[in-house]
There are 2 protein chains.
Amino acid sequence: MWSALVEPGDEVAGALVAACGAAAALDWVDRSLAGSTDWDLLGAGSDLAPPARARLTRALDRWAARRPRVDAAALARAGARSGAHLVVPADPHWPARLDDLGAAAPFALWVRGEPRAVRTPGVALVGARASTSYGERVAVDLAAGLVAAGLGVVSGGAYGIDAAAHRGALAGGGRTVVVLAGGVDRAYPAGNARLLEEVVRTGGAVVSEVPPGAAPTRSRFLQRNRLIAALADATVVVEAAWRSGAASTAHHAARLLRPVGAVPGPVTSAASAGCHRLVRDGVAVLVTDVAEVLDLVGPLDAGRGEEPAPAPGDGLDPVAARVLEHVPRRGALEPGELAARAGTSLAEVRGALGALELEGLVRRVGAGWAARPRGERGEG
Amino acid sequence: MWSALVEPGDEVAGALVAACGAAAALDWVDRSLAGSTDWDLLGAGSDLAPPARARLTRALDRWAARRPRVDAAALARAGARSGAHLVVPADPHWPARLDDLGAAAPFALWVRGEPRAVRTPGVALVGARASTSYGERVAVDLAAGLVAAGLGVVSGGAYGIDAAAHRGALAGGGRTVVVLAGGVDRAYPAGNARLLEEVVRTGGAVVSEVPPGAAPTRSRFLQRNRLIAALADATVVVEAAWRSGAASTAHHAARLLRPVGAVPGPVTSAASAGCHRLVRDGVAVLVTDVAEVLDLVGPLDAGRGEEPAPAPGDGLDPVAARVLEHVPRRGALEPGELAARAGTSLAEVRGALGALELEGLVRRVGAGWAARPRGERGEG
């Protein structure tokens, strides 16, 4: 619902959902739009700082227009029609790397294809639509080399370098992830529709944070770039003009403290000017081949294999495992809500939560429960 | 004489000349080769450390074979025949930048053409003989841009990038300096003979630290690279293979703490691999155009104009000026020796040295006199 209500990267919405949980935050918005804003419910009580109140009030104005048109049932139908899954932070398939975006993290990802591919360690290969045959060749070679090394390739599905990167990954027999600015049911650009189908067919995925049917607007392209950076272990710019979307992806990656590489080219080629600028500015390391890109990524964490690590529910009894799937990572849910979602009794949920707490998989947050991020969990 | 006796970069010879002065050092060598090594004359007395004695003894063995063939008169004739001046450290035309090489500084430079060009602030543009048309185009453009900005262009006169750099400087109407590994009378490579003549004809210079007639041997090429780096305010590598002479010039410049740039190129071009390596290793800054090369050089010292600063002798009486020309910058000479060299009486030399000392242009070193480096001199 949140992914349909607000624009990508809306940090006020992100903070609200982090504070209350997605469902309670939506209830709060609905009551506020109906005229009764309950500031106390936000936990900060009546002493919520005036600038924060002002930001929330402006955000409510933003959301008011679209709220009546957000229809959970219709979204679910659109998702089903386009063959898309909705993956939310509580889902074991949720790519934990996205959490590094903080309040700018997406509320959910719509995924066509294999959700595991989105969690696969990988490198973003991005670049200019106005690419040269040199740049495309380098993108194909790097992508094929990366999948040969067991990594995935993330890109934006655009013409030029993006398409060459996806094609190189497919040619190498690997999986690749396309991050779209519009809905996953809208192949954009249309000329790459067959490429996107091939990505889905070969075990990769086409993902978006906006719901099926959403148009790829200019601001969504810019926000999409942060997802590409956040979904990859490193970002490499193959060709980019002096100002370009690919350079913005590189800056997002740098802000996330992820490694950034840039491929040099002729100084006489405008398509390489952005890459050279990134190197001169110290944003990117100059990389010339797959080995240097792998150096950039460094040894992958032992905890991250090509396949997702064992889901947190492994080894638990079936009820506890099912309850755990519904405990949100951001925000918290009360046992009654969890029982409704997991389709179990309140008593079963309470027993399951006790067991999960002992395992270090969930923690109490006020009257509710939240999943513990992996880093916080104890061993075993 | 020293430039003919020892190979370029012989640091034992450099230290000996620095300690005694060129003439006294040569006398010491001659007496040592005749069988009477006077260790006391070296100033360190009988307590000269055994490793230093051993190094000097090995050096004497090195020099013994060539000494009988070193003939000052013949050298002077060869210089005159080839139209070369001999510029020594005491000379006002001596490029003070070479002194940063310390004991590896050359004893002298043979200069065909305009000695002032050698002191002009400039940038070394170096690169592969096996260049591409892309690299040559960049070298021509950078050289033309540098001379338009009032800088000189230093390079090695080789085919490929070196020749393109010299040609670009000439095309821009500027002066360029060719640093050869062999004698200035030996155009090497022969195919660039007309280019070297053009350099000389247009106010530039062809220089070498080895005497006319000397062959360009492999070790002299490597030593020549340190001169290119030391004669320039910054060094830019335009194209270079993974291992290359141009990369060695860049490393010499880095050791001299001079700025180093490298021009990127296609990662598919072996001719750019050395440039990319220099950037990745942090030896060079990536540069793509003249403005970025000028950034590298930084604002030139106010004390260094395009023309040499006024010679130290300006405004002195003719005898004092002539004496000053013979006071060595490294080592020292006694008044009797200076009188012989300057062709003046001992009394005139003593009077001149007193005046020069008052001007801050010379200083006493034991029983002898040395010229003060410019930085040490007082104003006026």
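Which residue in β9(A) is the bridge partner of A:Ala262? The partner is A:Leu286.

Before further selections, some conventions are needed. The model is predicted, so local features need pLDDT of at least 70 and side-chain atom pairs count only at pLDDT 80 or more, while totals for chains, interfaces and linings use all residues. Residues are numbered from 1 along each chain as its sequence is written, chains are lettered from A and ligands numbered from 1 in the order in which they are written, and side-chain values use heavy atoms, with hydrogens and water left out.

**Stop 1: the sheet of chain A**

Select the strands of chain A. Helices (H or I, at least four residues) and strands (E, at least two) are DSSP runs, numbered from the N terminus. Chain A has an open sheet of 9 strands with mixed pairing, in the order β1-β2-β6-β5-β4-β3-β7-β8-β9. Two strands count as paired if DSSP finds at least two bridges between them. At the edges are β1 (84–87) and β9 (285–286) of chain A, each pairing on one side only. Next, select residues 260–262 of chain A, which form β8; this strand runs parallel to β9(A) and is joined to it by 2 bridges.

Contact here means heavy atoms within 4.5 Å. Axes are lines fitted to C-alpha atoms, for helices over the stretch in contact, and angles run from 0 to 180 degrees between N-to-C directions.

For the annotated region, select residues 86–296 of chain A. An unreviewed UniProt entry annotates them as "domain: Smf/DprA SLOG"; UniProt positions are given in the numbering used here, feature names are shortened, and annotations may be inferred rather than shown by experiment. The span is 38% helix and 16% strand, and its end C-alpha atoms lie 32 Å apart.

**Stop 2**

Select A:Tyr188 and A:Pro189, which are joined by a cis peptide bond with omega of about -5°. A:Pro189 is placed in the loop between β5 (176–179) and α9 (193–201) of chain A. Then move to A:Leu257, in the loop between α11 (245–255) and β8 of chain A. A:Leu257 has a positive phi of about 60° although it is not a glycine.

Now select A:Asp30 and A:Arg67, which form a salt bridge with their closest N and O atoms 2.5 Å apart. The pair links distant parts of the chain, 37 residues apart: A:Asp30 belongs to helix α3 (residues 22–33), and A:Arg67 to the loop between α4 (50–64) and α5 (72–81) of chain A. A salt bridge is a side-chain nitrogen of Lys or Arg within 4 Å of a carboxyl oxygen of Asp or Glu.

**Stop 3: the interface**

Display both chains. In all, 18 residues of chain A are in contact with 18 residues of chain B. The two chains bury about 1,500 Å² between them, 70% of it on carbon and sulfur atoms. A:Val267, A:Arg280 and A:Leu286 supply 40% of the area that chain A buries against chain B, more than any other three residues. Buried area is the accessible area (1.4 Å probe) that two parts lose on being put together, summed over both.

How many salt bridges cross this interface between chain A and chain B? There are 4. To view one of them, select B:Glu292 and A:Arg280, whose side chains meet at 3.3 Å, N to O. On the side of chain A that touches chain B, α7 (133–148), α12, β9 and α13 (290–297) each supply at least two residues.

**Stop 4: chain B**

Select residues 122–126 and 152–155 of chain B. These strands, β3 and β4, run parallel and are joined by 3 bridges, with B:Ala124 opposite B:Val154. Helix α8 (residues 161–171) of chain B packs on the sheet and touches β3, β4 and β5 (176–179); its direction makes about 160° with that of β4(B). Finally, select B:Tyr188 and B:Pro189, where the peptide bond is cis with omega near -5°.
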